[in-house]
Each structure stands twice: as C-alpha cells, then as structure tokens.
Amino acid sequence: MNSVETFIKKYEIYILIALIVVIGFFYLYKVGEKPFVDYDEGLYAQIITDTIKSGNFITLTKGGNAWFEKPPLYFWIGMLSVKIFGENEFSMRLPSILFSMLTALFVYLIVKKLSGSVLTAISAFCILLFSPPFYFFSQEVRLDPGV
C-alpha cells in the first residue's frame with residue numbers, strides 16, 4: 001500500500017465529511033433563486049402546499065382532491081422543509097438534494113464494500129455527484145434523482 005492510500009484509509013471519515021460539506025455547499029448554492037423549471041416541479045410544489053393547507057398529512061391533496069400518484073415520503077419531507085424554511089423554492093427543492101446526497105453516500109458504501117478501496121469509493125462518489133444530469137435533476141423538485 002502506498003502513502004496516498006494509507007493517508008486516505010487513515011483519514012477516511014474526515015475526507016468523507018469534507019466532501020459532503022463541499023458538495024452540500026455546491027448543491028445548495030443559489031438553489032432557491034431560480035423559479036420552478038417545468039410542470040412536474042410546479043405540480044409537486046402545489047401538492048406540498050395544498051396538503052399543508054388541508055391539514056391532513058396522511059392523504060396528499062391537489063386542488064382539494066386526494067392525490068395518490070406518487071409515494072408520500074418525499075412530500076412529507078417537503079412539508080417538513082416548508083414548515084422549517086417557509087414556502088419557497090429552496091424548501092421545496094431541499095428534499096431532492098438531501099436524497100441525492102444520500103444516494104451518493106450509498107454509492108460510496110457499496111463501491112467500498114465491493115472494491116475494498118476507499119479511493120475507488122471516493123471516486124465513484126464524486127463522479128456521481130458531479131455528473132451534470134444528476135447535478136441538475138437533484139436541484140429540482142423531483143422524486144427521481146435519488147433513484
């Protein structure tokens with residue numbers, strides 16, 4: 001094992017935390033400044049808002065009617081985000097960013113387990129998070145990036 005691999009293995013947790021902080025800043029930077037991009041973003045934001053207004057957090061609502069087209073976990077976390085940060089683009093997009101970062105962490109753990117190499121796992125983590133499609137879709141109100 002060379003000195004770089006030894007260093008990375010010794011400070012693995014600190015390197016991973018530093019990467020998560022840097023990528024968190026990179027993903028969250030000005031995320032609330034752009035308007036919703038398309039129909040899906042507006043629809044999901046409306047569902048979060050309508051469900052909060054209805055007061056029934058078990059059944060998602062859209063325009064006063066029950067809405068069952070997607071699983072509710074993302075929307076529940078979106079409602080929590082709206083309650084904490086207010087009703088804005090940032091709070092609506094935050095769950096997608098968090099799920100995307102969690103997906104990257106799972107990729108890191110899986111690659112580390114399969115390859116046995118921390119350096120390979122960190123590379124896979126960074127490649128995923130800095131790939132343009134993943135980056136752009138992660139910053140939108142979408143359920144798909146984490147998948």
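**Aromatic pairs and helix packing in a predicted model**

A search of the whole structure, which is a predicted model, finds 15 aromatic pairs. One of them joins Phe25 and Tyr29. The centres of these two rings are 5.5 Å apart. Their planes lie at 45 degrees, so the pair is tilted. Phe25 has a relative accessibility of 56% and therefore counts as exposed. Tyr29 is partly exposed, with a relative accessible area of 48%. Tyr74 and Phe75 form another aromatic pair, and this one is edge-to-face. Here the distance is 5.8 Å from centre to centre, with 85 degrees between the planes. Tyr74 and Phe75 are both buried. Ring pairs also build a cluster. Its members are Phe26, Tyr27, Phe130, Tyr135 and Phe136.

The overall layout of the chain comes next. The chain holds 7 helices and 2 strands. Along the sequence, the elements follow the pattern α-α-α-β-β-α-α-α-α. The C-alpha trace spans about 60 × 30 × 25 Å along its principal axes. The chain has 147 residues, and 37% of them count as buried. Contacts between residues at least 6 apart in sequence were also examined. Of these, 61% join residues at least 24 apart.

Two helix pairs were then described. Two packed helices are described by the angle between their axes and by the distance between the axes. Helix 4 covers residues 73-85. Its axis comes within 8 Å of the axis of helix 5, and the two cross at roughly 130 degrees. Helix 4 and helix 5 are therefore oblique to each other. Their crossing is right-handed. On the helix 4 side, the contact involves Leu73, Tyr74, Ile77, Gly78, Ser81, Val82 and Phe85. These residues meet Phe90, Ser91, Met92, Leu94, Pro95, Ser96 and Phe99 in helix 5. By class, this contact has 10 nonpolar and 4 polar residues. It has no charged residues. Tyr74, a member of this contact, is also the ring partner of Phe75.

Helix 5 (residues 89-115) also packs with helix 6 (residues 118-129). The axes of helix 5 and helix 6 come within 8 Å and cross at roughly 150 degrees. That angle makes helix 5 roughly antiparallel to helix 6. The crossing of helix 5 and helix 6 is right-handed. Helix 5 contributes Ser100, Thr103, Ala104, Leu105, Val107, Tyr108, Val111, Lys112 and Ser115 to the contact. Helix 6 contributes Val118, Thr120, Ala121, Ile122, Ala124, Phe125, Leu128 and Leu129. By class, the contact of helix 5 with helix 6 has 12 nonpolar, 4 polar and 1 charged residues.

Ser131 lies in the loop between helix 6 and helix 7 (132-138). Ser131 is partly exposed, with a relative accessible area of 22%. Val21 is 110 residues away from Ser131 along the chain. The C-alpha atoms of Ser131 and Val21 are separated by 18 Å.

Definitions and conventions: Residues are numbered from 1 along each chain as its sequence is written. This is a predicted model: local features need pLDDT of at least 70, side-chain atom pairs count only at pLDDT 80 or more; totals for chains, interfaces and linings use all residues. Side-chain values use heavy atoms; hydrogens and water are left out. Axes are lines fitted to C-alpha atoms, for helices over the stretch in contact, and angles run from 0 to 180 degrees between N-to-C directions. Helices (H or I, at least four residues) and strands (E, at least two) are DSSP runs, numbered from the N terminus. Angles under 35 degrees count as roughly parallel, over 145 as roughly antiparallel, 65 to 115 as roughly perpendicular and the rest as oblique. A crossing is left-handed if the near helix is turned anticlockwise from the far one by less than a right angle, and right-handed if clockwise. Contact means heavy atoms within 4.5 Å. Ala, Val, Leu, Ile, Met, Phe, Trp, Tyr, Cys and Pro count as nonpolar, Asp, Glu, Lys and Arg as charged, and the others, Gly among them, as polar. Rings of Phe, Tyr and Trp (its six-membered ring) pair if their centres lie within 6.5 Å; planes under 30 degrees apart count as stacked, over 60 as edge-to-face and the rest as tilted. Buried means under 20% relative accessible area, exposed over 50%, partly exposed in between (1.4 Å probe, protein chains only).
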